[in-house]
Amino acid sequence: MTKLAKISFSKAEAPKGGVAVILAGEDLNLGTIANEFVSGLEGGLKRAADIAGFSGKKKTSLDLVAPAGLAVDRLIVFGLGKSEELTQDDWRAFGGAVFAELQKAKTDAASVLLEVPEGVDLTDLATAEFAMGVKLRAYAFDNYKTKAKDDANSKDLKLTLKVVDAKAARKAWSVSEAVADGVIVARNLVNEPANVLGPVEFAKKAQELEKLGVEVEVLGEKEMKKLKMAALLGVAQGSVRPPRLAVMRWNGGKKGVAPVALVGKGVVFDTGGISIKPAGGMEEMKGDMGGAAAVVGAMHAIAGRKAKANVVGVIGLVENMPDGNAQRPGDIVTAMSGTTIEILNTDAEGRLVLADALWYTQEKYNPAIMIDLATLTGAVLVALGNLNAGLFSNNDELADNLLASAKASGEPLWRLPLSKEYDKIIDTPNADVKNTGGRWAGSITAAQFLQRFANDKPWAHLDIAGTAFGAPKDDICQSWASGYGVRLLNQLVADHYEG
Ligand code: BES
Ligand code: MN
Ligand code: ZN
C-alpha cells in the first residue's frame with residue numbers, strides 16, 4: 001500500500017513529470033494554469049471527459065494514463081463540483097479523496113495543482129485543510145503487518161502541493177499538521193491492543209508529550225490511595241496491571257489564567273468485570289480508552305502548535321477485569337469527593353474512573369471549564385449511532401461553544417438533556433448514588449452521575465462510544481479508530497481560550 005512520505009509546497013505552475021492532479025469545477029471549469037496546460041493534450045480534454053462522462057462533479061475524477069502531448073506520466077482531473085460553495089469540510093475531504101486516487105496510481109511522486117476556477121477563493125486555510133485530509137487518509141494501523149513491508153506495490157509517496165503562495169501555505173500547514181499529528185496519536189493509542197497498551201504503558205505515552213514542552217506527572221496506586229480515589233481504584237482492583245492517573249499541563253497562556261481542563265476515560269480494556277460482557281465483539285473494548293486517547297491527542301495538537309492557552313489534561317488509566325480480587329455488584333465505595341457509590345453493575349466502570357478524575361481536576365486545578373470525554377455508554381450508539389457524539393453540559397454557553405466548534409472542525413456533536421428528574425433514577429436506599437440507572441436513558445443517567453463530581457464548575461461531557469471507533473470509513477479515515485475529539489477540542493481552545 002502506498003504510504004505518505006512527505007507533503008511539501010511549491011509555487012503554482014504547470015505540472016511536469018510523474019503523476020499530476022489538477023482540479024476542475026462544474027462543466028469542466030479549470031483555472032488559468034490548468035487550462036493552459038491541458039491545451040497541449042492531443043485530442044483535447046473535452047473529448048476525453050465526454051467519453052468518460054466526467055464533467056467536474058464533486059469528488060469524481062478523470063484518469064488519463066500517459067496523456068499524449070503532456071509532460072506527465074499520468075493526469076488526474078479531480079472534480080470540485082460547485083467551486084464557489086466549498087467549505088473547510090470539503091477541502092479536507094478532497095485531500096483524502098485525492099490521496100486515495102494517488103494510492104491507486106501506485107506512484108512515489110505526485111503533484112497537485114491547487115488552483116481553482118477564476119473568481120473562486122482558495123485560502124491558505126483551505127490548502128492546509130486539504131493537506132490535513134491527505135495526511136489523515138494516509139494513516140493506516142499496520143505496525144503488526146510483517147509481510148506488507150516487502151510488498152512490491154508499497155511505495156512512499158512524496159507529494160507536492162502547488163499553490164499561489166507557498167510560504168503562506170507552509171505556515172498554515174505547520175499549525176494544521178500539529179493537529180493532524182494529534183489525531184494520529186489518538187488513533188494509534190485506540191488501535192493498539194490491550195496486551196501491549198496497559199495503564200503503565202499508556203502513561204508512558206502521555207509522558208512522551210514532554211518532548212513538546214508539556215509537563216507530565218503520573219500518579220501511581222500509592223498516591224491515589226492517599227487521595228482516597230476509591231471509585232477509580234475499585235475498578236482497577238481486579239486487574240494484575242496497576243492503575244495510573246496521568247496529568248499533562250501546557251502553559252502557553254498568560255500566567256494565572258485558569259486552565260481549560262480535559263478529562264479522559266482510559267479503560268485500557270473493559271471486560272465488564274464480574275458483570276462480564278458477552279464474548280461477541282468484546283475485542284472492541286480495547287478501545288475503551290478513546291476518551292483518554294483524545295485528551296493526549298488534543299494535548300499533542302495544542303502543544304505542537306504552541307497554543308497561547310493554559311490547558312490541563314487528566315486521564316484515568318485502569319483495566320476492568322474479573323478476578324478473585326475484583327469488585328462485586330453490591331459493593332459500596334467512597335469516592336474522593338466523599339460521595340458514597342453503590343456498584344450495581346461492574347460494567348458501568350467508566351463513570352467510576354471519571355468520578356475521581358473529575359473531582360481531582362476541579363479541586364487541584366480550579367479550571368475555567370472542564371470537559372470530559374469517554375466511551376461511556378452503548379446507549380449513546382442507540383440514540384445517535386456513529387455519526388454524532390453525545391454532548392451533556394451544566395452550562396449553556398459552554399455547550400453552545402462546543403456545538404460551534406463541532407461544526408467548524410467537522411467533528412459533530414448533538415446535545416442531550418440533563419435534569420433533576422433524571423437524577424432521581426440513580427438514587428439508592430443504600431448509598432448517596434448508584435452506578436447505573438437501568439436501560440432507559442442510559443447515556444443521560446450516566447451523565448447525571450458524572451455531574452455530581454463536577455462540583456458545579458462549568459462542565460461538559462462528551463459520550464464518544466459511537467464515534468471513537470468502528471464508525472463507517474470515510475474520505476479522511478480508513479482506520480477503525482477515528483481519533484474523534486482531537487480536532488474538536490483543539491478548535492474550542494483556538495476559538496475561545498487563546499490570546
Ligand atoms: N465501555 C462501555 C460502553 C461502550 C459500549 C463503549 C459499546 C463503546 C461501545 C461501558 O463501560 C459500559 O459497559 N457501559 C454499559 C453501562 C451499563 C452497564 C449501565 C453499557 O453501555 O451497556
Ligand atoms: Mn463497561
Ligand atoms: Zn467501559
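In the predicted model, strand β14 (residues 389–393) and strand β17 (residues 459–463) run antiparallel and are joined by four bridges, strands being DSSP runs of E with at least two residues, numbered from the N terminus, and two strands being taken as paired if DSSP finds at least two bridges between them. Within this pair, F392 stands opposite H461 of β17. Helix α12 (residues 396–409), helices being DSSP runs of H or I with at least four residues, packs on the sheet and touches β13, β14, β15 and β17, where contact means heavy atoms within 4.5 Å. The sheet itself is open and mixed in its pairing, with eight strands in the order β7-β8-β10-β9-β13-β17-β14-β15, and its edge strands are β7 (215–219) and β15 (413–415), each of which pairs on one side only.

Because D270 lies in strand β9 and D288 in the loop between β9 and α9 (290–304), the pair ties together parts that are 18 residues apart in sequence. Both D270 and D288 are buried, that is, under 20% relative accessible area (1.4 Å probe, protein chains only).

Residues are numbered from 1 along each chain as its sequence is written, and chains are lettered from A and ligands numbered from 1 in the order in which they are written. In this predicted model local features need pLDDT of at least 70, side-chain atom pairs count only at pLDDT 80 or more, and totals for chains, interfaces and linings use all residues, while side-chain values use heavy atoms, with hydrogens and water left out.

Definitions and conventions. Axes fitted to C-alpha atoms, helices over the stretch in contact; angles between N-to-C directions. Buried < 20%, exposed > 50% of the residue type's maximum accessible area, 1.4 Å probe, protein only.
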